[in-house]
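Please examine the sequence and the three-dimensional structure shown below. The paragraphs after it are meant to be read alongside both.

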Amino acid sequence: YLSLDNVLSGLFGVIARLFDVAIVERSPKELGAQVWDDSVRMFEVQRDGQPCAYFYIDPYTRPGEKKGGAWMRGECSRSAALAPAGHQIQLPVAHMVTNQSAPVTNPDGTVTPSLMLFREVETMF
């Protein structure tokens with residue numbers, strides 16, 4: 001089993017080497033964005049220290065709410081025509097949704113991280 005944070009670190013390292021970008025986790029509130037669940041995380045893609053895209057990761061299963069499997073989709077594309085007031089361009093935003101087990105808080109207060117099967121890691125990559 002592999003922890004989600006370690007898998008993301010590896011994935012983002014590969015992306016950085018292939019595309020010469022950095023991926024930085026950001027607070028949705030800091031960016032004026034909203035999330036649909038507390039477990040959803042938001043990331044900023046940066047090139048030369050400047051944001052060039054954003055994406056959400058919704059990693060954990062929520063029975064009765066999310067379908068099985070994994071998927072991703074672009075929510076909005078890069079666009080000059082749809083740029084917010086005061087900006088030259090609207091940056092693209094996408095989301096990736098997976099259905100893995102959430103971290104578990106143990107009776108002693110310690111947390112067991114979300115652990116992924118190898119096939120889940122393959123899916124994320």
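The model is predicted, so to speak of local features a pLDDT of at least 70 is needed, side-chain atom pairs count only at pLDDT 80 or more, and totals for chains, interfaces and linings use all residues. Residues are numbered from 1 along each chain as its sequence is written, and side-chain values use heavy atoms, with hydrogens and water left out.

The pLDDT, the predictor's confidence in each residue on a scale from 0 to 100, averages 88 over the chain, and 99% of the residues score at least 70. Helices (DSSP runs of H or I, at least four residues) and strands (runs of E, at least two) are numbered from the N terminus. Among these elements, the highest mean pLDDT, 96, belongs to strand S2 (residues 22–26), and the lowest, 74, to strand S5 (residues 71–76).

Rolling a probe the size of a water molecule over the atoms shows where empty space is left. A pocket is defined on a 1 Å grid over the protein atoms alone, as an open set of points where a 1.4 Å probe fits, with protein on both sides within 12 Å along at least five of seven lines; its lining residues have an atom within 4 Å of a point. Grid points are joined across faces, edges and corners, and the volume is the space filled by probe spheres set on the points. The largest pocket has a volume of about 530 Å³. Its lining comprises 28 residues, and Ile15, Ile23, Val45, Phe55 and Met72 lie nearest its centre. At least two lining residues come from each of H1, S3, S4, S5, S6 and helix H3 (118–124), with S6 giving the largest share, six residues. By class, 23 residues of this lining are nonpolar, four polar and one charged; here Ala, Val, Leu, Ile, Met, Phe, Trp, Tyr, Cys and Pro count as nonpolar, Asp, Glu, Lys and Arg as charged, and the others, Gly among them, as polar.

The second largest pocket has a volume of about 180 Å³. Pro51, Tyr54, Pro84, His87, Gln88, Ile89, Gln90 and Leu91 line this pocket, giving five nonpolar, three polar and no charged residues.

Strand S6 (residues 93–100) contains Thr98 and also Gln100. Thr98 has a relative accessible area of 7% and is therefore buried (under 20%, whereas exposed means over 50% and partly exposed in between, with a 1.4 Å probe and protein chains only). Gln100, at 3%, likewise counts as buried. The side chains of Thr98 and Gln100 are joined by a polar contact of 3.4 Å (a pair of N or O atoms within 3.5 Å; within protein, one must be able to donate a hydrogen and the other to accept it, and residues adjacent in sequence count only if both atoms are side-chain atoms). A polar side-chain atom of Thr98 also lies 2.9 Å from the backbone oxygen of Pro59, while the side chain of Gln100 makes a polar contact of 3.3 Å with that of Ser114. Leaving aside residues up to four places away in sequence, Thr98 touches (heavy atoms within 4.5 Å) residues including Tyr60, Lys66 and Met124; with the same exclusion, the contacts of Gln100 include Leu4, Tyr60 and Met124.

Asp20 lies in the loop between helix H1 (4–19) and S2. Its phi is positive, about 55 degrees, although Asp20 is not a glycine. Asp48, in the loop between strand S3 (41–47) and strand S4 (50–60), has a positive phi near 55 degrees. Asp20 counts as exposed because its relative accessibility is 58%, and Asp48 counts as exposed at 70%.
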